[in-house]
Amino acid sequence: SVFLAICLLIGSGLAVAKGPMTDSHAVVLQSEDERVDISRDLAYFEDADAQFTIDQIITRWPSIANFDKPREVHNFGFTDSPYWFHTVVQNTNGPSTDWVLESVYSITDRMDLYLVRENGGIERYKAGDSVAFDSRGRNHHNINFRFDLQRGEQVALYLRVETTGAVQMPLVLWANEAFTEADHQERFLLGMYYGLLLCMAVFNLLIFMGTRDTNYLWYVSFIVFFGLLQFTVNGLAFEHLWPNQPWWNNRAISVF
């Protein structure tokens, strides 16, 4: 009985060290799940004093986290507090072993992903509009992380989010191949949209040059700055215009 008690104590200690690998928000991937919205499958914790490390979060998560499932995407508005989020992903029979976690809200300053394997190993990834663009898993205008998840394997995902804007967490988990296909379709539509704005600007600039009516010049200026604002909000400016200038990217929206 003493030996059994010792084994139980050791086992419980290892479980605490590894942190929870299952909870009420677990995401189970099946063969048809190429795209899974996990926005509502996140438990969360407000780190008001910005004092917790990932090891402390893993150890204390069951007692400090809020496990209430939101009606919609988590949205905590403008706050100086970092927020931690957590879910478990189990690849039961998913269509891929190569996965991309995408944040559809592209103007978050910084998002750190801590991926905890079943053996206790921790992998860390970082991204955001105040972090160098090439830190992302895929060259894509939305914040994203790429990792492998074999069939029959499960991982715990911890996300630390800190931003000067609103804390919003629309998250989508993609099979990498499906992400690539969706990206092609999205870029086609975005190309049409920004191409239309460019045509409007050029057309009205030509009218101004012919009539010298300054109202057309003001309209051209409005179109240009509106287009640059949208280009920045969508994350495309960071990808194509200034990928190595996170300081400027974090301020461009206010300027435009």
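Trainee: Which side chain meets Glu153 in a salt bridge?
Mentor: This is a predicted model, where local features need pLDDT of at least 70, side-chain atom pairs count only at pLDDT 80 or more, and totals for chains, interfaces and linings use all residues. Residues are numbered from 1 along each chain as its sequence is written, and side-chain values use heavy atoms, leaving out hydrogens and water. A salt bridge needs a side-chain nitrogen of Lys or Arg within 4 Å of a carboxyl oxygen of Asp or Glu. At 2.8 Å, N to O, the partner of Glu153 is Arg117.

Trainee: How many residues apart are Glu153 and Arg117?
Mentor: Helices (H or I, at least four residues) and strands (E, at least two) are DSSP runs, numbered from the N terminus. Glu153 sits in the loop between β9 (143-148) and β10 (154-162), and Arg117 in the loop between β7 and β8. The pair links distant parts of the chain, its separation being 36 residues.

Trainee: Is Arg117 buried or exposed?
Mentor: Buried means under 20% relative accessible area, exposed over 50%, and partly exposed in between (1.4 Å probe, protein chains only). Arg117 has a relative accessible area of 8%, so the class for Arg117 is buried.

Trainee: Which residue forms a salt bridge with Arg124?
Mentor: The closest N and O atoms of that pair are 3.3 Å apart. Arg124 counts as exposed because its relative accessibility is 51%.

Trainee: What is the volume of the largest pocket?
Mentor: On a 1 Å grid over the protein atoms alone, a pocket is an open set of points where a 1.4 Å probe fits, with protein on both sides within 12 Å along at least five of seven lines; lining residues have an atom within 4 Å of a point. Grid points are joined across faces, edges and corners, and the volume is the space filled by probe spheres set on them. The lining includes Tyr194, Leu198 and Phe231. The volume comes to about 230 Å³.

Trainee: Where is Met200, and is it buried, exposed or partly exposed?
Mentor: Met200 lies in helix α3. Its C-alpha atom is 19 Å from that of Thr232, 32 residues apart along the chain. At 28% relative accessibility, Met200 counts as partly exposed.
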